[in-house]
Amino acid sequence: MLRVAEQYSGSDTGRQRRANEDSLLVLSPLFVVADGMGGAQAGEVASRIAVEAFRSGLPDSAQPERALEALAQHANSQIHELSHANAEQAGMGTTLTAIWVGEREVAIAHVGDSRAYCLRDGELLRLTDDHSLVDELMRQGRLTPEEASEHPQRSVITRALGIEGDVDVDTRSFRGQAGDVYLICSDGLTTMVDEQQIAELLAGSQRLRDAGEALIAAANRAGGRDNITVILLRLEEVRSASAGEQATTQTDIHQLGDGDAAEQAEAQVPLVGGAAAGAEPAGSQGNGSAGTAGTTGGAPAARGRRWRGAVPQTAGTRPEAARRPRRAGAGAPPASRRRGGWRRARAPLAGLVVLALLAAGAYLALQNVYFIGTNDRGLVTLYEGVPLTLPGNLNLYSSRYVSGVSASAVSPQRRSTLLDHSLRSEASAGGLIRSLELGQLE
């Protein structure tokens, strides 16, 4: 069966926008990107409603494509009703691209011009069609890709959630493969960075975190005309467990990890409003696993082609070891030797107990406290956990939300109290960042 072995998510306001209308959801094995339209008071709302509709995930017994479409239709109805109930949000809408990873199949639901790609064996495969004016003209042969990239109406989309009471949702499923790297992104990336460069950046990075940050940086270097949102995930093969092995297998999967420690903490948290799950406080470093190893299988050879095929895969095996139980009473040492052995064992056992208590305390801290700092791009960021790094670069914090406000734009007096890494509640820290974004903090 397949599972998500490593993941990254990040969002950036870009160079020319003051607010981030993109939203994203990272709730493995479900991943969603939405790009809102209608202004900061409408597009942001629409995209947030869209991703929140997927927050409960898919029912275990559901047919993935139908379940994804039903959730998209529910989001469409909510956005449409709200846009008609509030004049300030009239006409708002959002794109939607969602990926769900099953045991063998990968399912996609798509509306608008956000995109999904798969990097397989070094080739970038486009999995979605843009619902945009220029893409329709290209499909009709009336525009070349070069003409489309400079067309004055290249930002006009022909389908979005919330515009009409009903919406057509594109869905498809195909066979996933170990080593596949999937990219979901808003058009803030694809209008700034061409597919060849995207493929090169993905294939040239060992960690998905590095690849994601490189993609966002490339879009900003090219002009950053729009908000830029990126989700990356890599698949691996795991052996299915029999009934007697379920508990052991579940423990192994958890301990082997899905990327670095920060990404583990974020994996079950829906991130919205331009939250950059891959960001860290300035000067810190993350740890990740290898990200873009190619695999064998008949992937189309053309870079950037639409996905049309399904590729078989084989399951791996993992040897299991057994230990023979010792017969009771056989070769038992004298009582004095047993007492001496217990004395020698007490020190290591005490050390293990202390480590366990420290680990438990760190876990509780990560779950209950927050602080405000800056990420490596200088943006004010909300972190969950405590601002400490243990030996081995084990961070006791993870990024929860990245604002669109640069720390340099905050007055020195306010900066000294806001960015002092004081531990706060989620409501307190989140309220401060929201007030900062709305210009309510001097």
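These questions and answers concern a predicted model of one chain.

Trainee: What percentage of the residues of the chain count as buried?
Mentor: The chain holds 12 helices and 15 strands. Its accessible surface comes to about 21,400 Å², with 51% belonging to carbon and sulfur atoms. Of its 442 residues, the share that counts as buried is 47%.

Trainee: Is Ser173 buried, partly exposed or exposed?
Mentor: Ser173 lies in strand S9, residues 170-175. Buried requires under 20% relative accessible area and exposed requires over 50%. The relative accessible area of Ser173 is 33%, so this residue is partly exposed.

Trainee: Which residue has a side chain joined to that of Ser173 by a polar contact of 2.8 Å?
Mentor: Leaving aside residues up to four places away in sequence, Ser173 touches Glu65, Glu105, Val106 and Ala107. Pro64 is 109 residues from Ser173 along the chain, yet their C-alpha atoms are separated by 8.4 Å. The side-chain polar contact of 2.8 Å joins Ser173 to Glu65.

Trainee: Within what arc do the buried residues of H6 fall?
Mentor: Helix H6 spans residues 195-203, and its buried residues are Ile198, Ala199 and Leu202. Seen down the axis of H6, they line one face of the helix, because they fall within an arc of 100 degrees.

Trainee: Which strands and helices are included in what covers the buried residues of H6?
Mentor: The residues being covered are Ile198, Ala199 and Leu202. Their cover includes helices H5 (187-190) and H7 (208-221), together with strands S7 (115-120), S8 (123-126), S10 (181-185) and S11 (228-237).

Definitions and conventions: Residues numbered from 1 in each chain as written. Predicted model: local features only at pLDDT ≥ 70, side-chain atom pairs only at ≥ 80, totals over all residues. Heavy atoms only, no water. Helix = DSSP H or I, 4+ residues; strand = E, 2+ residues; numbered from the N terminus. Buried < 20%, exposed > 50% of the residue type's maximum accessible area, 1.4 Å probe, protein only. Areas by Shrake-Rupley, 256 points an atom, 1.4 Å probe, with all protein chains shown as cover. Contact = heavy atoms within 4.5 Å. Polar contact = N/O pair within 3.5 Å; in protein donor to acceptor, adjacent residues only side chain to side chain. Arc of directions from axis to C-beta.
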